[in-house]
Amino acid sequence: MSSGTALLAGAGRRVRALLPARADFTAMKRSPRRDLLAGLTVAIVALPLALGFGVSSGLGAEAGLATAVVAGALAALFGGSNLQVSGPTGAMTVVLMPIVAEHGPGGVLTVGLMAGVILLALALLRAGQYMRYIPAPVVEGFTFGIACVIGLQQIPNALGVQKPEGDRVLAVTWRAFQEFAAHPNWTAVGVAGGVAAAMLVGARLRPAVPFSIVAVVAATVAVAVFGLEGAAPIGDLPSGLPAPSLGFVDLSALNALVAPAIAVAALAALESLLSATVADGMTVGERHDPDRELFGQGIANLAAPLFGGVPATAAIARTAVNVRTGASSRLAALTHAAVLAVIVFAAAPLVSRIPLAALAGVLLATAVRMVEVGSLRAMAKATRSDAVVLVLTAVATVALDLVYAVIIGLVVAGALALRAVALQARMHQEDMAPHLSGVPGAHSAEEHELLAEHIVAYRIDGPLFFAAAHRFLLELSEVAEVRVVILRMSRVTTLDATGALVLKDAVEKLNRRGIAVLTSGIRPGQRQALDSVGALALLRHEGREYATTPEAIAGARALLHRTGVLPPPAATAR
């Protein structure tokens, strides 16, 4: 078989491994009644969220519904979790708003297609497994920052004012308050506040009741019955999904949209895999396939823009509702998408009368419920480094950009972790007396004293790598006037090229001062790094590498005899 044929065969096997298996469909037959009920419940919860996130994205409520239906069904079918529910999310709308402002609705749909391709590539490259290495403080800070952004995004609709121009949420919120101060709209404030309060209080009193839909229906009826002014409705919605189309793609803008597409794909991957991990933790025996999850989200994001939908990702809140209401298979998420499709086709005129302020109240309450105060407090108290990473990630999420926030969080967390590891490295000067008793040929107490006077031994513990190596160079370079330095290397856990170079530099500096450097206990795994920079050859040049510390001391003793520091062996024997 040629290499090209083998490559194609391997790619084919990889794709087949990512496709739905018979076991997925068999699982749907186990508890269909529970799954259907769970799917109906999730749909009721998801309806106002889909509408609200569609409005927040800038493409309108119909885009949120299309995303919930198309992406929800395809991600459920092709994804790597049996319990995951996908659709438009608040985190995604945060990323989409600047894209809408700069490139318009067509740019958002094109970005969704490109993000879908990127997610499929990540799945084929088995990138899903690497998402587990994101530190918990980054995740918590990211989630808290998203909750703040979602809440701030709802301020214009909650105040009943036109959304000011701009894509910086803090500046837009400030201008919305200024507009409200000039022209107050207390009806919108009352509707938004009432819906948010009903959801937050109701969730504490009766967690099983979907207060989001109850509050939205009550607000819509109140506005219609009492003819309240200032509560603008969503507006006309199409009775069904549009025909699939690629007419929105602007080939000339593809280069400008690459960076936003990478940001959307990164967010979709991060949020989906985090949600799947949460779902696993809420159940017994469920384990998601991260690469299949990326594949499913890729398929969903390829298809949703064709029907006018925004980029999608898994939704932690809806997934949690799905699990808590007894879902056991993909049938529940598929039911959720089907129920929303029925609403789109059969109830569009009723849905179009929902006040925008009511949807703002839903999303304000959602933002509040996203904040896990206990988790934030625990993370902040864990270590000072964790608290710094959490705060920086949250602030960057609000002030900058979600992808930049994650990058900043990862870089700072990595730097602090390296610092902590580097600080674990130690170099100890050892007492020579316990080692001298085992040195062959050293008999008298006088010679022991001479050896202890002219030889110093250091034991290096921990990692000798780029973050810690230069501190060792400084310590070694300041060794007092002795004739021989013995470096015990058996407890060095990690040695990289920087550590090897620093060690070589230290040996050369000591040699120039007339101090011989001997080593003992170099591990096999450390030899490659030492050899690559010439440090091993330097130590072997005069036979100054030994397996054990007593052998190194014996070698040092012989060296001191040869240089005349110690009397000849015959003299010490008399």
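Predicted model: local features only at pLDDT ≥ 70, side-chain atom pairs only at ≥ 80, totals over all residues.

User: How many salt bridges does the structure hold?

Analyst: A pair counts as a salt bridge when a side-chain nitrogen of Lys or Arg lies within 4 Å of a carboxyl oxygen of Asp or Glu. In this structure there are four salt bridges.

User: Which parts of the chain does the pair of Asp24 and Arg292 link?

Analyst: The side chains of Asp24 and Arg292 form a salt bridge at 3.1 Å, N to O. This pair links distant parts of the chain, with Asp24 in helix H2 (residues 22-27) and Arg292 in helix H12 (residues 290-303), 268 residues apart. Asp24 and Arg292 are both buried. Together with Arg330, Asp24 and Arg292 belong to a network of salt bridges.

User: Is Asp461 buried or exposed, and why?

Analyst: A residue is called buried when its relative accessible area is under 20%. Asp461 is buried because its relative accessible area is 13%. Its salt-bridge partner is Arg459, at 2.8 Å, N to O. Arg459 is buried as well, since its relative accessible area is 17%.

User: Where do the residues Arg527 and Glu545 lie?

Analyst: Arg527 and Glu545 form a salt bridge whose closest N and O atoms are 2.6 Å apart. Arg527 lies in helix H24 (residues 524-532) and Glu545 in strand S8 (residues 545-546), so that the pair links distant parts of the chain, 18 residues apart. Arg527 is partly exposed, with a relative accessible area of 26%.

Conventions. Residues numbered from 1 in each chain as written. Heavy atoms only, no water. Helix = DSSP H or I, 4+ residues; strand = E, 2+ residues; numbered from the N terminus. Buried < 20%, exposed > 50% of the residue type's maximum accessible area, 1.4 Å probe, protein only.
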